[in-house]
Amino acid sequence: MKYLLYFFTFPSDVVAIPVTYLIGKLFGTGMHREGLCFITELSPHSWPMDPTHPFPLAGWYSKWAGTTLGHGIVYRPSPDQNTRVHEHVHVQQLHVSMVSSFFLGLLVLLITGKIMAAWSVWSAGYLVYILSNFAVAAIKGEDPYMGSPSEKHAYAIGTLHHGHKVDVDSYLRF
Ligand SMILES: [Zn+2]
């Protein structure tokens, strides 16, 4: 039954999974499965991780733990359990946002009869969700990234890692 989620996330998957595969080919250790997701771990000696690399921006990713592109996830080398849980909280957010945008797209199709407009609305689900989270944090006067509800939830559930603290009191303010 859980594989039905691939139907709703299809417009995201056709981009996220090939991009993750490409990152894995260029900088990572290939691709493996984790739940519904396709995972690549960056190599410690790759350009994004290793600041001694003789290219501009070498090591730029070394302070990050992982990135959820959709059903494709990129991890730093040997990610800990907290990081993996954190990224999979984002995968759940992907699922909800894409199911939501599918039905919005369906509504657009029924109202306008325009399939490309409907497809665009469906496809934009996760991106719009992330940007909406940043916007809500900014409106509240918090840092757009660390203050976003989607990040707070992921850090809270993934517990604390890399020195980031969840401001629990901020939940009570809104
Ligand atoms: Zn996150």
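Two residues are in contact if their C-beta atoms, placed from the backbone, lie within 7 Å of each other. The model here is a predicted one, with local features needing a pLDDT of at least 70 and side-chain atom pairs counting only at pLDDT 80 or more, while totals for chains, interfaces and linings use all residues. Residues are numbered from 1 along each chain, as its sequence is written.

First, the overall layout. The protein chain has 7 helices and 4 strands; helices (H or I, at least four residues) and strands (E, at least two) are DSSP runs, numbered from the N terminus. Read from that end, the elements go α-α-β-β-β-β-α-α-α-α-α. The C-alpha trace spans about 55 × 40 × 35 Å along its principal axes. Of the 174 residues in the chain, 32% are buried. A residue counts as buried if 20 or more other C-beta atoms lie within 10 Å of its own, as exposed if 12 or fewer do, and as partly exposed in between, with C-beta atoms placed from the backbone. Among the contacts with a separation of 6 or more, 46% come from residues 24 or more positions apart.

Next comes helix H2 (10-27). H2 has 18 residues and reaches 25 Å from its first C-alpha to its last, close to the 26 Å expected at 1.5 Å a residue; the expected span is 1.5 Å times one less than the number of residues. Pro 11, Ser 12, Asp 13, Ala 16, Thr 20 and Gly 24 are buried in H2. These buried residues pack against quite a list of partners: helix H1 (5-8), strand S2 (37-41), strand S4 (72-75), H3, H4 and H5.

Leu 57 sits in the loop between S2 and strand S3 (66-68), and its phi is near 65°, a positive value in a residue other than glycine. Leu 57 is exposed, because 10 other C-beta atoms lie within 10 Å. Ser 78, in the loop between S4 and H3, isn't a glycine either, yet has a positive phi of about 45°. With 8 C-beta neighbours inside 10 Å, Ser 78 counts as exposed.

On to how the helices meet. Two packed helices are described by the angle between their axes and the distance between the axes. The axes are lines fitted to C-alpha atoms, for helices over the stretch in contact, and the angles run from 0 to 180 degrees between N-to-C directions. For H3 and H4, the axes come within 7 Å and cross at roughly 165°. That makes H3 roughly antiparallel to H4; angles under 35 degrees count as roughly parallel, over 145 as roughly antiparallel, 65 to 115 as roughly perpendicular and the rest as oblique. The crossing of H3 and H4 is right-handed, and residues making the contact include Phe 102, Leu 106 and Leu 109 of H3 and Ala 118, Val 121 and Trp 122 of H4. A crossing is left-handed if the near helix is turned anticlockwise from the far one by less than a right angle, and right-handed if clockwise.

H3 also packs with H6, at an angle of about 135° and with the axes 8 Å apart. H3 and H6 are therefore oblique to each other, and their crossing is right-handed. Here Val 85, His 86, Val 89, His 90 and Gln 93 of H3 meet Ser 150, His 153, Ala 154, Tyr 155 and Ile 157 of H6. With H5, H3 packs at about 115°, the axes again being 8 Å apart, in a right-handed crossing.

What is buried in H4? Ala 118, Val 121 and Trp 122 are. Seen down the axis of H4, these residues fall within an arc of 100°, so they line one face of the helix; the arc is that of the directions from the helix axis to the C-beta atoms. They pack against H2, H3 and H5.

Helix H5 (residues 125-139) has 15 residues and reaches 21 Å, close to the 21 Å expected. Its buried residues are Gly 125, Tyr 126, Asn 133 and Ala 137. They fall within an arc of 110° seen down the axis of H5, so they line one face of the helix. Beyond H5 comes Gly 141, with a positive phi near 80°.

Gly 147 lies in the loop between H5 and H6. With 19 C-beta neighbours inside 10 Å, Gly 147 counts as partly exposed. Leaving aside neighbours within four places in sequence, Gly 147 is in contact with Ala 137, Lys 140 and Glu 142.
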